[in-house]
Amino acid sequence: MLFQVGGQGARPTFFEMSAAQQLPASLRAALSYSFGVFALRRPSLHKVLDYEDEFFALLMSVLESHSLRTTDGSFSESLYGLRRRPVNVSVNRSNPGAESNVKVYDSALRKRQKTLSVVFLVVLPYFKSKLQSVYNKEREARLQASLWDQGEVRFDEAGFVSDQQGETSQAQVETTAGEVSHLTRLRTNFAALIGVCYPWIHATHEGLSFAYQLLYLLDATAFYSPGLHVLGLHVCRATGQELMDSSSRISRIRSRELERLRGPPWLKTVQRVLLNCTHTTLDYAQTGLIAAVFFFKMMEWWYQSAEERMSAPTVYPPPPPPPLPKVAKDGLPLPTDRTLCPLCCQKRNNPSVLSVSGFVFCYSCIFKSVSQHKRCPVTLMPATVEQIRRLFHDL
């Protein structure tokens, strides 16, 4: 199962390398989401989520080792038809049938390069994730200490021996308390050291990664990441012949594994069945995990759309305006020209509205009328001067 993004030549495009780099993070999010959903019905799966880093590192170590062993590429790189090649390719002269002036290049990865690739792909990200977790806890502890004024409080600083004092002697209690306090001090010092150093480590790593990616995008370097530069490997597209050679290599490896089986016939049969099951699982693991990523993205979109629909406010039509106030029988009649003041029958000067009725008058006219009669001159509704509002629509 291969995805060709485009581009010409053996050098992968920036988008191919970026997609291959981001695939493990998407895969981890998909697996975490799936286990989280299953844990709602099976609470025992919460133990897997508690050790999420360890389980994912174990899974990726198996996948990366198998992929590097069979295709000379990482799990995500092999998905896009990419291979890792040494920068300094050695010349193999052990071919007796070749002519003297013909050089046969050996571009396969060495065992040491495959092992170091697994370290850079799995082990270092695992330690980085654990350091990030420790740093987050330390930063949270500092924030709580600053809010509650608890001094130099750190996480996991609690009394561990308080319930068994009646069962042990005073000397044992003092020894245990000393050991616990020593471990607590070491843990506190380590957390404080991580809190100081990790931001610089993270900034340096991200800065170097960004610099290498920018240089790779500008064709200034053949290395997409600092890790590939340290290993002396560059990533290139696999040719059709290399894909065929990978298939034949997998067949030879599996044939040798079957030939090395030892024991009675029934034991060989069991071992052969287990090997076939393992090979089938590894063959379809790539397709299954990519399908899990797509399923996760689809479910994320589905639930996000549902939440948006549920949380979106209901749009109602605007309410109709209130009915016009009625003119009282003994009230002041309204002039035919709406721009005139009902009190002075002149064009309104400094128009002001009386909020209890909504009619507009001259400010001086309505102020005198309300001050004397304490009511609206048109509707005869009770009013005060505080209910007079100036209008500035003519400005």
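Predicted model: local features only at pLDDT ≥ 70, side-chain atom pairs only at ≥ 80, totals over all residues.

Q: How much of the chain is buried?
A: Of its 395 residues, 29% count as buried.

Q: And what share of the contacts with a separation of 6 or more comes from residues 24 or more positions apart?
A: That share is 59%.

Q: OK, aromatics. How many aromatic pairs are there?
A: The count comes to 6 aromatic pairs, with ring centres within 6.5 Å as the rule. Take Phe-14 and Tyr-224: their ring centres are 5.8 Å apart and the planes sit at 55°, so this pair is tilted.

Q: Why does 55° count as tilted?
A: Because stacked needs planes under 30 degrees apart and edge-to-face needs over 60, and the rest count as tilted. The 55° between Phe-14 and Tyr-224 falls into that remainder.

Q: Which parts does that pair tie together?
A: Phe-14 is in helix H1 (residues 14-39), while Tyr-224 is in the loop between helix H6 (170-217) and helix H7 (226-231), so the pair links parts that are 210 residues apart in sequence.

Q: Is Tyr-224 buried or exposed?
A: Buried, with a relative accessible area of 4%. Tyr-224 also pairs with Tyr-216, and that one is edge-to-face, at 5.5 Å centre to centre and 90° between the planes. Tyr-216 is buried too.

Q: Which residues form the aromatic cluster there?
A: Phe-14, Phe-15, Tyr-216 and Tyr-224 form one cluster.

Q: What sits over the ring of Tyr-216?
A: The charged end of Arg-11, 3.9 Å from the ring centre. Elsewhere, Arg-390 has its charged end over the ring of Tyr-363, 5.3 Å from the centre.

Q: Switching to pockets. How much space lies in the largest pocket?
A: About 1400 Å³. Its lining takes in 42 residues, and Gln-21, Phe-120, Leu-121, Pro-125 and His-205 lie nearest the centre.

Q: Which helix gives the most to that lining?
A: Helix H5 (111-148), with 11 residues. H1, helix H3 (52-71), helix H4 (75-79), H6 and H7 each supply at least two as well.

Q: What's the lining like by class?
A: It has 22 nonpolar, 13 polar and 7 charged residues.

Q: New topic: where is Val-378?
A: In the loop between helix H10 (363-373) and strand E7 (388-390). Val-378 is buried, at 0% relative accessible area.

Q: What is Val-378 in contact with, beyond its neighbours within four places in sequence?
A: Val-327, Ala-328, Gly-331, Leu-332, Leu-334, Pro-342, Phe-359 and Phe-361. Val-378 and Lys-326 are 52 residues apart in sequence, and their C-alpha atoms are 8.4 Å apart in space.

Q: Backbone next. What's phi at Cys-345?
A: Near 55°, a positive value in a residue other than glycine. Most residues other than glycine have a negative phi. Cys-345 is in the loop between helix H9 (265-311) and strand E5 (351-354), and is partly exposed at 48% relative accessible area.

Q: And what's phi at Leu-380?
A: Near 60°, again positive in a residue other than glycine. Leu-380 belongs to the loop between H10 and E7. At 27% relative accessibility, Leu-380 is partly exposed.

Terms used:
Residues numbered from 1 in each chain as written. Heavy atoms only, no water. Helix = DSSP H or I, 4+ residues; strand = E, 2+ residues; numbered from the N terminus. Buried < 20%, exposed > 50% of the residue type's maximum accessible area, 1.4 Å probe, protein only. Lys NZ or Arg CZ within 6 Å of the ring centre and 35° of its normal. 1 Å grid on protein atoms, 1.4 Å probe; cavity = no way out; pocket = protein on both sides within 12 Å on 5 of 7 lines; lining within 4 Å. Points joined across faces, edges and corners; volume = space filled by probe spheres on them. Nonpolar A, V, L, I, M, F, W, Y, C, P; charged D, E, K, R; others polar. Contact = heavy atoms within 4.5 Å.
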